[in-house]
Amino acid sequence: MRKQLKTLLYEILEVSDSTNFYSLADDLIIPSLIVLNLTAFIASTSPSFSLGYKQLFEYIEIISSLVFTLEYVLRMWVCTVDRKYSHPILGRLKYALTPLSMIDFFSILPFYLLLLFPNLSFVYIISILRLLRLIKISRYSESVRTLGSVLYAKKEELLATAFAVFILLIFASSLMYFVESSAQPKSFGSIPDAMWWGVVTLTTVGYGDIYPITPIGRFLGSILAFLGIGIFALPAGIISSGFSEELQRKKQQKTPENLGSSAHYQSVEMLAEREGIFEQKQMAIALHIESSSELMKMCVQTAKQKLGSDFQNEQIICDLAIHLYNEAVRQFEL
């Protein structure tokens, strides 16, 4: 009974099955509660909302945190159904260290820290971890999982691009520091100060709070702006190609399934058609044999009346049976 309950809860929590009412309810309730909780958290930072709906926001946080805690505990309990985490202790520890499980844990951690240490200032900073609950939606959203798959598949290309941007940023900020530091000691007083200008320029944002004023500085700034347009277009192209490859891969996975189901459906139809033809053929053979046997019986009776004791029963019946068999073979193509 306990094993059956654990398997049932595992299918509800870990397997998204639209045909299962409880699994479908879990897929709808938990994401809705996440959105409601984050909406309340964001609204609570507004003075106009926090004063009027403070108690409501607290109730939402308490209820949602308790539900998320129950979900986390149940996931830790039923994870041993999976063979990868079958060990009662090491398996659960391994499951607890998975990315989504760690997100579940850290998303409910602020609630209990605030409950245990309400007067500690750093606890309020940790409350920002509540935003991790937004990532929990990836369990229930196919689009979020697709994005994660794309980023993971293209991690090497993205890391290479980020490394190239970092090298360019260090190089350009260092040059700008040596060029502009004498003319603008406050704005370009150090390489870290110049890096802020480099980030703003590379991203083509251009806040205008720091900018070069020397001719060489302006020349370097214009070159860096052009390079920034090209470099920051690379991640967009990488992610776009990743999405295209992921969607193509999913289509290729679905095609054999569709073909398999179509072939299965066609084979079932063909089998049903053959069974229908076979049944019709059996019925026709039965009717033919029945009518022929009546004719054979009539012939035997007539022969007995005319020939009397000279009638050889076995030979006549054998000849008639052979004739009946040959006729059935010829007529029904057996």
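Helices (H or I, at least four residues) and strands (E, at least two) are taken as DSSP runs and numbered from the N terminus. The structure described here is a predicted model, in which local features need pLDDT of at least 70 and side-chain atom pairs count only at pLDDT 80 or more, while totals for chains, interfaces and linings use all residues. Residues are numbered from 1 along each chain as its sequence is written, and side-chain values use heavy atoms, with hydrogens and water left out.

The chain contains 13 helices and zero strands. Of its 334 residues, 30% count as buried, where buried denotes under 20% relative accessible area, exposed over 50%, and partly exposed in between (1.4 Å probe, protein chains only). The accessible surface amounts to about 22700 Å², and 68% of this belongs to carbon and sulfur atoms; such areas come from the Shrake-Rupley method with a 1.4 Å probe, and for residues only the protein chains shown count as cover. Among contacts (heavy atoms within 4.5 Å) with a separation of 6 or more, 62% join residues 24 or more positions apart.

The interior was examined for nonpolar cores, each a set of buried Ala, Val, Leu, Ile, Met, Phe, Trp, Tyr and Cys residues joined through side-chain atoms within 4.5 Å. The largest nonpolar core has 14 residues, of which I30, I34, F68, Y72, M76 and Y95 touch the most other members. At least two residues of this core are supplied by each of helix 2 (21–44), helix 4 (54–78) and helix 5, and helix 2 gives the most, with four residues. Beyond its neighbours within four places in sequence, F68 is in contact with I30, L33, I34, I108, R133 and K136. Another core, of 12 residues, lies apart from the largest one and includes A172, F188, L202 and L224.

On the surface, I89, L90, L93, L97, M102, F105 and F106 form a nonpolar patch with about 680 Å² of accessible area together. Patches are made of residues with over 30% relative accessible area and no salt bridge, with like charges joined within 9 Å and nonpolar side chains (Val, Leu, Ile, Met, Phe, Trp, Tyr) within 5 Å; a salt bridge is a side-chain nitrogen of Lys or Arg within 4 Å of a carboxyl oxygen of Asp or Glu. Two or more patch residues come from each of helix 5 (90–96) and helix 6 (99–116), with helix 6 giving the most, three residues. M102 is found in helix 6 and counts as partly exposed because its relative accessibility is 33%.
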